[in-house]
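Please look at the sequence and the structure below before reading on.

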Amino acid sequence: MDRSALGVEIATTIARGIGTDVAVVTPESSLRDLGVDSLTAVSLCMDIERQYKVQIFEPTLNRDLRVGEMVSMTLSALERSHLVDDMRPAG
């Protein structure tokens, strides 16, 4: 998946989760800028982790996390998971 498509998907997930228009959710927006409280931030991150079947946010989760950083972290986790999948013996 390319960064641009992932960015749109994550922005859409965040916008849906906070009930706002996706145009408001930019890569530069922090969760705090978007009015996200701590509980909602955890919920959004869990939604993203479930959607992409990766675990990425726990040690770095805070409301100052920017959408672009969330995209980068998700993309890195996806790339790592594909590397691990490629290293598994064929069954």
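**A residue in a helix, and the salt bridges**

Thr74 is part of helix α3, which covers residues 67-87. Helices here are DSSP runs of H or I with at least four residues, numbered from the N terminus. The model is a predicted one, in which local features need pLDDT of at least 70 and side-chain atom pairs count only at pLDDT 80 or more, while totals for chains, interfaces and linings use all residues. Residues are numbered from 1 along each chain as its sequence is written, and side-chain values use heavy atoms, with hydrogens and water left out.

Is Thr74 buried or exposed? Its relative accessibility is 0%, so Thr74 counts as buried. The word buried stands for a relative accessible area under 20%, exposed for over 50%, and partly exposed for values in between, using a 1.4 Å probe and protein chains only. Leaving aside residues up to four places away in sequence, Thr74 touches Leu6, Ile10, Ile48, Tyr52, Ile56 and Phe57. Such a contact means heavy atoms within 4.5 Å.

How many salt bridges does the structure hold? There are three. The term is used for a side-chain nitrogen of Lys or Arg within 4 Å of a carboxyl oxygen of Asp or Glu.

One of these salt bridges joins the side chains of Arg32 and Asp64, with 2.8 Å from N to O. Arg32 sits in the loop between α1 (3-18) and α2 (38-52), and Asp64 in the loop between α2 and α3, so this pair ties together parts that are 32 residues apart in sequence. Arg32 is partly exposed, at a relative accessible area of 42%, and Asp64 is partly exposed as well, at 44%.

Another salt bridge is formed by Arg66 with Asp33, whose closest N and O atoms are 3.6 Å apart. Because Arg66 lies in the loop between α2 and α3 and Asp33 in the loop between α1 and α2, the pair ties together parts that are 33 residues apart in sequence. Arg66 is partly exposed, with a relative accessible area of 36%, whereas Asp33 counts as exposed at 56% relative accessibility.

The side chains of Arg50 and Asp47 also meet in a salt bridge, at 2.7 Å from N to O. Where do the two residues lie? Both are in helix α2, three residues apart, and are thus separated by about one helical turn. Arg50 is exposed, with a relative accessible area of 52%, while Asp47 is partly exposed, with 27%.
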